[in-house]
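Please look through the sequence and the structure shown below before reading on.

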Amino acid sequence: AIRIADLFRREQELLGRTARVRGWVRTRRDSKAGISFIELNDGSCLKNLQIIVDLNLPQLTETVQKVSTGSSMQVEGVVNASPGKGQSIELHASGIELYGGADPATYPLQKKRHSFEFLRQIAHLRPRTNTIGAVARVRNRLSYAIHQFFQDRGFYYVHTPIITSSDCEGAGEVFRVTTLKPENMVGNEAGEAAAGDFFGKPAYLTVSGQLQAEIYALALGNVYTFGPTFRAENSNTSRHLAEFWMVEPEMAFCDLEEDLEIAQALIQRLVEVVLTDCREDLDFFVRFIEPTLRDTLEKVVESPFETVSYTDALELLKKSRESFSFPVDWGSDLQAEHERYLTEKVFKKPVAVVHFPRSLKPFYMRVNDDEKTVAAMDILVPGIGEIVGGSQREERLDVLLEQMKLKGVSPDDYRWYVELREYGSVPHAGFGLGLERLLQFTTGLPNIREVIPFPRTPGHADF
Ligand code: ATP
Ligand code: MG
Ligand code: MG
Ligand code: MG
């Protein structure tokens, strides 16, 4: 069998020849002239392949009667030029094999536009829709491109742990890990009370692989980690998930400026990949989701990002006539509304905000000479706000210890982290890019729940 995408790609060469395809039926329509038209999709591309079945052939007719939207089948036939509009070729069936039917009375994905809310309830079937299928292909291409980007530059891929005891950064939003014997499952009160920590010690699901990536950067030079990350985000926003994927490079002998350069190069490269390698899916998103998407993406590739200090950004926000719901005083964190204002109204392009107040940021960020700010950066994009958070790390032992004291982090709990400054410390920097935020940006989908196969948010952990 040949994938439908490959059939379309090689159509010139395959015209007049026999091909076999397999997939899922989007629609079937019978004409009065005794022809059945079947739209077949196999997930390899957005386009359906039109199957033409001559109902005068008795050996096919019986099978075709059982074919409906959602059925799975294999078809063998001759590739012909199509007289129809919107398609170049069609397959004239000589043999049909039905794998599985789909009862039209109950199959939830009938030929119409379903709401995203509804599709989330059928996460086991929604990849068969145009939108979610397109997202899955773009997500795959971007994940591969992330590895390509770093591998091409000599970075090593490091697997940082999922279970860890040292995730102070996400204090208040971490998931705790417990050991649970079958007899202690939920509902058994005595059992629940007996549920232990991670073999007697508290442990959590990682909120970031950064601290462990630092360990490897201080041995291998340039590394990156790319995996799932967990945060017990309690608010329901359109850009937060409880489980999301983050790519986190960490570079030795690197300062904030280079850190920002690499982040910008990465984002530009990934956007370029979508523009060149995901054309069909991008066309779809432009047509049905966000008409200005291609223009926005092309601009990102063409021009460098804007850089603005937190202090200057705050002045811009104060001067604006926008009525924000959150305060814009020096020392307060930027909220989504501020981030979007800067990217959409002021600069109209991605913006890197650098040098945030020391009080806002975690202990490991490098303290600037003014002692009031740290060498941090957030990259913001139109429509979403933050997609990257990064910083130069504090490599000076005395300053790190002072920062820990200030932030109430015990050096005993982070002995290993402190030792990296005692033994062969070097300036280093890194950042985290959220894969789903990038996908929102490159597909135009407003809600993050649509760009991950199985969204985890409060109350949703099925499948
Ligand atoms: P936000 O301000 O949006 O809550 P953050 O500052 O808490 O994000 P960081 O700790 O800087 O996030 O994490 C690095 C990146 O990971 C973010 O820039 C974003 O792209 C992504 N990210 C963070 N939290 C989430 C989440 N809950 N769901 C999806 N992506 C996230
Ligand atoms: Mg957050
Ligand atoms: Mg933030
Ligand atoms: Mg951040």
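**From a loop to the ligand shell**

Lysine 372 is found in the loop between strand 13 (351-357) and strand 14, where helices (H or I, at least four residues) and strands (E, at least two) are DSSP runs, numbered from the N terminus. The model is a predicted one, in which local features need pLDDT of at least 70 and side-chain atom pairs count only at pLDDT 80 or more, while totals for chains, interfaces and linings use all residues. Residues are numbered from 1 along each chain as its sequence is written, and chains are lettered from A and ligands numbered from 1 in the order in which they are written.

Lysine 372 counts as partly exposed because 14 other C-beta atoms lie within 10 Å; a residue is buried if 20 or more other C-beta atoms lie within 10 Å of its own, exposed if 12 or fewer, and partly exposed in between, with C-beta atoms placed from the backbone. Leaving aside residues up to four places away in sequence, lysine 372 touches Pro357 and Arg358, contact being defined as C-beta atoms, placed from the backbone, that lie within 7 Å. Serine 359 is 13 residues from lysine 372 in sequence, and the two are 7.9 Å apart in space, C-alpha to C-alpha.

Strand 14 (residues 373-381) is joined by six bridges to strand 15, and the two run antiparallel; strands are said to pair if DSSP finds at least two bridges between them. Their hairpin has three residues between the strands, and glycine 383 takes a positive phi near 90 degrees there. Within this pairing, methionine 377 has glycine 390 of strand 15 as its bridge partner, while glycine 390 also stands opposite phenylalanine 431 in strand 16. Strand 15 and strand 16 are joined by five bridges and run antiparallel. Strand 15 is mostly covered, with seven of its eight residues buried.

Which elements give two or more residues to the shell around ligand 1? The shell itself has 16 residues, the closest being His240, Phe244, Gly389, Gly432 and Gly434, and a residue is near a molecule if its C-beta atom, placed from the backbone, lies within 6 Å of it. The elements in question are strand 11 (243-252), strand 15 (385-392), strand 16 (428-434) and helix 15 (435-443), and strand 15 gives the most, with four residues. By class, the shell around ligand 1 has six nonpolar, four polar and six charged residues, where Ala, Val, Leu, Ile, Met, Phe, Trp, Tyr, Cys and Pro count as nonpolar, Asp, Glu, Lys and Arg as charged, and the others, Gly among them, as polar.

Helix 7 (residues 210-220) is largely enclosed by the rest of the structure, because eight of its eleven residues are buried. The buried residues of helix 7, including Leu211, Tyr216 and Leu218, pack against strand 10 (222-230), strand 11, helix 14 (415-422) and strand 16. Just after helix 7, glycine 221 takes a positive phi of about 95 degrees.

The protein is divided into domain 1 (4-112) and domain 2 (126-171 + 207-450), with bounds that come from an automatic or database domain assignment. The C-alpha centres of domain 1 and domain 2 lie 44 Å apart, and five residues of domain 1 are in contact with eight residues of domain 2.

Technical notes: Two residues are in contact if their C-beta atoms, placed from the backbone, lie within 7 Å.
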